[in-house]
Amino acid sequence: MAEDELTEDGAIVSENQVDEETKAQEEEQLPAVSQDRLPEKLLVIPLRDRPMFPKMMGPLVLEEAALQREIIEYSDKSSPLYLALLLVKPSGDGMVKTPTDGDDFFHVGTAVRVLQASPVKRGEPLHMVAQALTRFDVHAITKKDEVFYVEPTYWQEETPENTAEMKAYEVAIIDCIKELVTLNPLFKEGLSLLVERVNLSDPSALADFSASMTTSSGAEIQKVLETRDVLERLEASLVLLKKELEITRLKSQISKRIEERLSKQQREFFLKQQLQEIKQELGLAKDDTQAELEKYEARLKNLVLSDEARDRVTEEMEKLKLIGPSSPEFSVSRTYLDWLTILPWGVYSKESYNIDKARRILDRDHYGLEDVKERILELISVGIVKGDLSGSIILLVGPPGVGKTSIGQSIAKSLSRKFYRFSLGGMRDEAEIKGHRRTYIGAMPGKFIQAIKTCKTANPVIMLDEIDKIGASFHGDPASALLEVLDPEQNRDFLDHYLDVRFDLSKILFIVTANQLDTIPGPLLDRMEIIQLPGYILQEKVEIARRHLLPKQLKMHGLTARQVHIGKAVLAAIVDGWAREAGVRGLENCLKKIIRKSARRIVEHPGEEVRIGKNELTDLLGKQVFSEGRAYKKPRVGVVRGLAYTSMGGATLYIEAIPVPTGKAGYRQTGQLGQVMIESSEIAYTYVRSFLSKDKNATEFFAQNFIHLHVPAGATPKDGPSAGVTMACALYSLAKDKTIIPDLAMTGELTLSGLVMPIGGVKEKIIAAKRSDVKTVLLPKENQGDFEMLPEHVREGITPYFVSDFYEVLKICFP
């Protein structure tokens, strides 16, 4: 049967015969099939889209191989082929599922007779034309292999009495269909079929056919199929038609709006094109290329380009004349010319070299930091004498919150220069410094050329923040790229990859900031002049809070000094208990918290003046954060206070040592110590045992005890050699069972022969000592000059002792 067809009488005929018979059947009304001729069991064809109504003809496409085989076996050549069409119930998510049992079908279907079938070919779907005959209720469904069979109960439909109400429904349905045809011509074909094939005097057929014309869902149309009462069926069909009419109207309105918008845009486009052509003919307008070229020429009149840059601009402008605006190269060339002509070639802002003005600005914006201010005033003095500040690169090093960025802004104000800041922290791509090559899509110049474009002057003050946190990756090493930028001998001919012409950066004043010097590459550090900002002591912090931080926060919170009063004694208590860090950010956060709580008090009690007292600070700020000065109220054996220097500034720390009687010698250290500090502690242990080797009691003590040395806090990493003297004193105190004098702190590197070597960070350590109420400080002899160079207010209240070996340390610590 590869090339044969199934026909209504079961005979196998050729395709030509089938076409002639089908044509004849379409020309005359097909005779109704009586219920007696319909089988008692039908093969089920699952419908997944929508049901078919009686007295309608339509195509069926069967892709399932099992159904195709079953139809061939099920068909009887001597009688017509009848099938059952049942709609599959949709799943919960609205998707059509594959039926697995009888519950997956709706309970009302349609019996159909196959009029025509296409040749059955392996691997291809079977196409059939079927005539729907009558409705049926599902009595039972059985499954055989992969196909279903149904035992139907056929409906006995009688022609109802054509009442006035029914007539009204029919007229309403026909009117609805006519209106649909006017709104959507696609319904015209459906109306033609309605007139040709449906007896308009049969309300049941009218209801069925009108429902089938809509684009409603299969489940909605199935409800019409299941409705027995003809009047209710007409009403259901009319509802579906009305919904379809509303959707069609809305769709028509949307289409009309879009067409109007498009036609308006097209009209405007054509008119603009005509206007452009008229203006060009009259010489009143120029094309895009000419307008761009005139813009660049106007920019160049006020610039002093180098010979190289002028030649490149001329070359690019000639190239632009030859390229059409529609060419991709046109936008690339135009963007390049934009950058070349917008840069301030030879444009410099007028500088103000006024030493008194600079001093006023620095004193107004910053309290303390006298040595930093002096260095900046020296720099401006050189500018007055020389006439410019070219070649100056300043590196401000200090812990967070000491005012490095704000000092850079003050320098720019005092010089009347434009200020630009960008952060180098986390930068990993060399192209951020030197730009991308123009061959790449989205190429841009580097940060320095962008900064100059933004400032519109070739001599701004550029601040490079966080240079110690610059990174490196497979994209390149930005720190190496900075070598050219920050070298006064090279940056006069700085070559950006995007510009590809040399630009003079030598007039720029570079100010660089960092928290520490360890991570800055040596060659880069060598090009900069280092200015240390060690941090602030308590008195300086109180004045900064009183003059700057408190007024600023009151203004930000919408309050005045009359509404909230915080005295100097309270500010000192805040600094001592909650904000001992080197900078002032912690202090500013404390003031924010106090002012927020004061604002709430003012809202709850209008007109009240809030005066903050010391006894309220714990309630306002919580538990006191810093209490290290009170950790040991009295000196203890084996406990000595040392001075340390970190990236956050100076700090004091205690070193503790205890013996554990074990009958044999031993030694260990804890406290997250680095390798250098571990070696320093081992040197201290070895030296003290050697130093006390002639003391029998001390020798016996070390021989019979395991010594444990700890440096709190245990969660904070520590490293460096400057705690060697402190560790040795702690071990000596333990061995001799003596306490050190009170209010003393020390720092210094100890050698294996007992010498005390110099250390760094003297200023930071002295400031940390003052913050912790230390009265006596031991320093290496070679650091005496560093101490004497400190400002008077920093040295005030500190009694220094300068030692060169461990013997001198013992005379002072254990008198």
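This is a predicted model: local features need pLDDT of at least 70, side-chain atom pairs count only at pLDDT 80 or more; totals for chains, interfaces and linings use all residues.
Select Phe 701 and show its neighbours: leaving aside residues up to four places away in sequence, Phe 701 touches Pro 659, Ile 707, Leu 734 and Ala 735, where contact means heavy atoms within 4.5 Å. Phe 701 sits in helix α23, residues 696–704; helices (H or I, at least four residues) and strands (E, at least two) are DSSP runs, numbered from the N terminus. Phe 701 counts as buried because its relative accessibility is 17%, and buried means under 20% relative accessible area, with exposed over 50% and partly exposed in between (1.4 Å probe, protein chains only).

Residues are numbered from 1 along each chain as its sequence is written, and side-chain values use heavy atoms, with hydrogens and water left out.

Next, select helix α12 (residues 370–386) together with helix α13 (residues 404–415), which pack at an angle of about 35° with their axes 12 Å apart; the axes are lines fitted to C-alpha atoms over the stretch in contact, and angles run from 0 to 180 degrees between N-to-C directions.

Now turn to the largest cavity, which holds about 70 Å³ of space and is one of two cavities of 30 Å³ or more found in a search of the whole structure. On a 1 Å grid over the protein atoms alone, a cavity is a set of points where a 1.4 Å probe fits but cannot get out, and lining residues have an atom within 4 Å of a point. To see its lining, select residues including Leu 369, Glu 370, Asp 371, Lys 763 and His 793; α12, α25 (762–771) and α27 (792–795) are the elements that give two or more residues to this lining.

Finally, select helix α15 (residues 447–455), whose buried residues are Phe 448, Ile 449, Gln 450, Ala 451, Ile 452 and Cys 455, and then Lys 456, which follows α15 and has a positive phi, near 60°.

Definitions and conventions: On a 1 Å grid over the protein atoms alone, a cavity is a set of points where a 1.4 Å probe fits but cannot get out, and a pocket is an open set with protein on both sides within 12 Å along at least five of seven lines; lining residues have an atom within 4 Å of a point. Grid points are joined across faces, edges and corners, and a volume is the space filled by probe spheres set on the points.
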